[in-house]
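Me: Hi! I am new to protein structures and would like to learn how to read one. Could you walk me through it?

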Amino acid sequence: RPTYTTDAVTAVADKDNGGYFAGWECEQGTISDSGEETITFTAPASEEITAIKVVAKFKQVELEISKSSITLENGGTYTLTAGLNTDKFKGDDEISWTSSNPSVVKVENGKVTGVSDGTATVTASILDGKITASCKVTVSSILQKISIKAENDAKTLAVGDKLKLTAVAEPSGSSLGTVTWKSSDDKIATVTSTGTSATVEAKTAGEVTITATPNEHAVEFHF
């Protein structure tokens, strides 16, 4: 079978926009050796080949980041990494890092630091931002103190009365996470929770303790 070799076909990827050469295709024969500038192929023995159709395949590079979202305490740090999804890209692969809100999150060479409470997007990019990958960063203050506040500052209830309690985090803005509410004696008072708040209903006379447990840190309220 005849073998044809050519160095006249050149594949040129649009590197400035993230393109890279991904390989050759030859519909009439079998490619036995390939490169970006020269291809060698073998034509089928049963056909008379007068023209060969050769197709160069291109793809666009992608940037991959190690995390799509993270949560930091105020002042906490985390190092993100980013890289290309292929080693075939021949363009500029220097990665730049930016924060959508430096007053909340700052980033330097992938190292993320929480500055103040809030959310921001950290973006890794190449080619002046044409190819990007991002991570959502949430920053919250360190929970230092938990207290329970009663509606109207009530301390006693008559049988049948209801009272709303609210778990309060200090400093303001720090996260309580999931709050679990519990009564020490459901026969005296029951508690129904709605997140950081709960409703206590007095059932019979007596003393009872209502406990709120956010993030495994319990705090009590006594009737």
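**Reading the chain step by step**

Reply: Happy to! This is a predicted model, and its chain has 21 strands and 0 helices.

Me: How much of the chain is buried?

Reply: Here we compare each residue's accessible area with a cut-off: buried means under 20% relative accessible area. Of the 223 residues in this chain, 34% count as buried.

Me: What can contacts tell me about residues that are apart in sequence?

Reply: Take the contacts between residues at least 6 apart in sequence: in this chain, 58% of them join residues at least 24 apart.

Me: How many salt bridges does the structure hold?

Reply: To find one, look for a side-chain nitrogen of Lys or Arg within 4 Å of a carboxyl oxygen of Asp or Glu. This structure holds 2 salt bridges. One pairs D153 with K149, and their closest N and O atoms are 3.6 Å apart. The other joins the side chains of K203 and E201, with 3.6 Å from N to O.

Me: Why does D153 count as exposed?

Reply: Exposed means over 50% relative accessible area, and partly exposed lies between that and the buried cut-off. D153 counts as exposed because its relative accessibility is 58%.

How values were computed: Residues are numbered from 1 along each chain as its sequence is written. This is a predicted model: local features need pLDDT of at least 70, side-chain atom pairs count only at pLDDT 80 or more; totals for chains, interfaces and linings use all residues. Side-chain values use heavy atoms; hydrogens and water are left out. Buried means under 20% relative accessible area, exposed over 50%, partly exposed in between (1.4 Å probe, protein chains only). Helices (H or I, at least four residues) and strands (E, at least two) are DSSP runs, numbered from the N terminus. Contact means heavy atoms within 4.5 Å.
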